[in-house]
Structure formats: structure tokens, C-alpha cells
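Morning, everyone. I have one structure to show you today. Please take a look at the screen, and then I'll walk you through it.

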Amino acid sequence: MSSSSVVGALIGVPTGGLAWVLVRVWPVLRLLWWWLPEIVLTTAAITFWVQLADHTPGPVTLAVVALVVGVPAAIPATRRALVAWTWVFVVRHRLRVCFAQFIIANQSGSLPLILWAKPTPVDERVWVYLRPGLSMSDLEGRLDRIAVACHASTALVERASDGNAAYLRFDIKRREVLTAQVGSPLVDVITGDAPATDRPSPVLPTALDLPDVDAPTITLPTQGNRPRTRNGAPRSSPPTSVARSPGFGRPPACLVSACTTYGTPSCRC
């Protein structure tokens with residue numbers, strides 16, 4: 001066996017074994033990825049509680065917990081941010097339920113990978129990476145069902161990358177921000193002594209109903225006037241029929257003279 005074969009075997013066997021292990025443990029890794037934010041937050045909360053309870057007496061522990069929980073809930077901006085991020089975690093799991101329940105997957109049953117999400121002014125935005133067997137057209141026909149599952153009013157999907165059709169972005173909407181009233185700073189710039197601009201009053205229509213419209217009078221030509229052609233000349237009357245005699249069309253009886261004129265016989269009626 002040559003040295004190149006030995007080197008190839010030493011590189012290929014560990015690489016193939018690592019790929020096989022990743023394929024076998026991928027469902028577990030995917031499940032951990034889905035629950036990673038909740039796992040991190042729960043671990044941090046339990047660690048904080050245990051350390052606080054071990055190093056402080058009971059009343060101090062309760063006071064600190066009340067401050068940590070109550071102060072963010074009392075501030076409107078902080079409270080809205082906490083509620084928005086809570087909905088982000090909920091929508092990630094609701095999308096996973098949609099993919100598992102009524103969206104067609106491939107034959108192996110592997111679900112799309114939900115990458116990350118963040119809150120937006122209209123609610124949540126989620127990035128998803130599709131597996132083979134799904135496309136954006138398959139999801140566009142199920143957006144109404146996705147909105148119901150995510151407790152939203154509408155759901156939109158579009159490509160997040162021009163070079164990769166599997167990389168999509170979901171917009172889960174619960175409210176419309178364009179309908180809110182926005183204060184303009186231009187109102188404070190206008191002073192009371194500003195000259196008014198003379199604008200001409202527009203002409204408002206009066207005949208809005210059909211009976212109110214004045215119908216024009218149309219004069220039709222009388223029968224005594226002869227119609228004219230396009231060039232203005234009077235049109236001629238059609239020719240009258242003429243009765244034909246039984247012998248019409250045949251030459252009349254002629255007397256052929258015996259004399260010849262210039263060598264040809266002449267015919268006289």
C-alpha cells in the first residue's frame with residue numbers, strides 16, 4: 001500500500017465517521033436549537049435564584065426578586081419590550097407546529113430549520129431555512145392557516161436572499177402601524193401672522209343625476225330633402241325598371257342592299 005493511500009484513509013475515515021455522527025444526532029441538535037433560548041433563560045433564572053438564596057436571607061431574597069420582576073413590569077417601554085420578545089419565542093414554536101402538522105415535508109419527515117427571530121413594529125419576523133421538498137410557493141397557499149396558528153391577523157413570506165431560494169423570511173403581523181397618528185413638527189413652525197394664500201374656489205358640478213342633465217335637441221332631416229352623398233352632390237334616384245319586349249336584344253330587321261360600299265355590304269333599317 002502506497003503512502004498516499006494511507007494518508008487518504010487516515011483523513012477519510014475520521015471525516016466520514018464525523019459526518020455519520022452528525023447525521024445521527026441531527027434531530028437532537030435541531031431540538032436543542034429550537035429550545036435554546038428557553039433553556040438558556042431557565043438555566044440563568046435558576047442559577048440566579050440559587051446563588052441569591054444561598055448568600056442572602058429570605059426577606060432580602062424576596063425583595064431583590066420583587067425589584068427584578070416588578071421594576072421592568074412597571075416601566076412601559078421595558079414592559080413592551082418583554083412582551084414583544086415573549087411573542088418572539090411563542091411564534092418560533094408555533095411555526096414549528098405548522099411545519100409539523102399541515103405543511104408538506106419531504107419523505108424523511110425532516111422539518112425546516114427555524115434560524116432566528118426578532119420583534120418588529122408590527123410584531124415578529126422569523127428567518128427559516130427550507131429543506132429539500134418545500135418551496136416558497138408551497139407556503140404561500142397556507143399563509144392564512146399560519147396566521148391562525150400564530151395568533152396573528154396576517155402572515156407574509158418572502159425570500160431573504162436573492163441567491164438562495166431556501167432562505168425565507170416570515171413576517172407575522174398583528175396590527176397596522178400606518179394607521180396611527182404621527183405628530184408633525186411643521187405645525188409649530190407656522191405662526192399666526194402668516195399670510196393666507198388666495199385659492200380660487202373650484203366649480204362644483206350640479207347635474208349629478210340623469211334627470212338634471214340638459215339633453216341636446218337633435219333635428220332630423222325631413223323627407224322632402226334629398227339626401228346627399230359624401231361630396232355634397234345630390235344623390236341620384238335609382239333607375240326605374242323598363243319592360244322589355246320579347247324581341248329585345250336582337251338586331252332589327254334590316255334591308256341589305258345589294259350594292260357594296262368600299263367592298264362591304266351596307267345594312268339599312
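**The sheet and its helices**

Start with two strands, β2 and β4. Strand β2 covers residues 123-129, and strand β4 covers residues 167-173. They run antiparallel, and seven bridges join them. Keep in mind that this is a predicted model.

Now zoom out. These strands belong to an open sheet of four. The order is β1-β2-β4-β3, and the pairing is antiparallel. Which strands stand at the edges? They are β1, residues 113-120, and β3, residues 154-159. Each has a single partner strand, so one side of each has no neighbour in the sheet. On average, neighbouring strands are turned by 20° against each other, direction ignored.

What packs on this sheet? Helix α4, residues 76-101. Helix α4 touches β1, β2 and β4. Its direction makes about 145° with that of β1. Helix α4 has 26 residues. From first C-alpha to last, α4 reaches 37 Å, close to the expected 38 Å. Several α4 residues are buried, among them Val88, Val91, Leu95 and Phe99. Arg92 and His93 are buried too.

Next, a helix pair. Helix α2 is residues 36-55, and helix α3 is residues 58-74. They pack at an angle of about 145°, with axes 9 Å apart. From α2 come Phe48, Trp49, Leu52 and Ala53. They meet Thr61, Val64, Val65 and Val68 in α3. By class, this contact has seven nonpolar residues, one polar and no charged ones.

Technical notes. Residues numbered from 1 in each chain as written. Predicted model: local features only at pLDDT ≥ 70, side-chain atom pairs only at ≥ 80, totals over all residues. Heavy atoms only, no water. Axes fitted to C-alpha atoms, helices over the stretch in contact; angles between N-to-C directions. Contact = heavy atoms within 4.5 Å. Nonpolar A, V, L, I, M, F, W, Y, C, P; charged D, E, K, R; others polar. Pairing = 2+ DSSP bridges. Expected span 1.5 Å × (residues − 1). Buried < 20%, exposed > 50% of the residue type's maximum accessible area, 1.4 Å probe, protein only.
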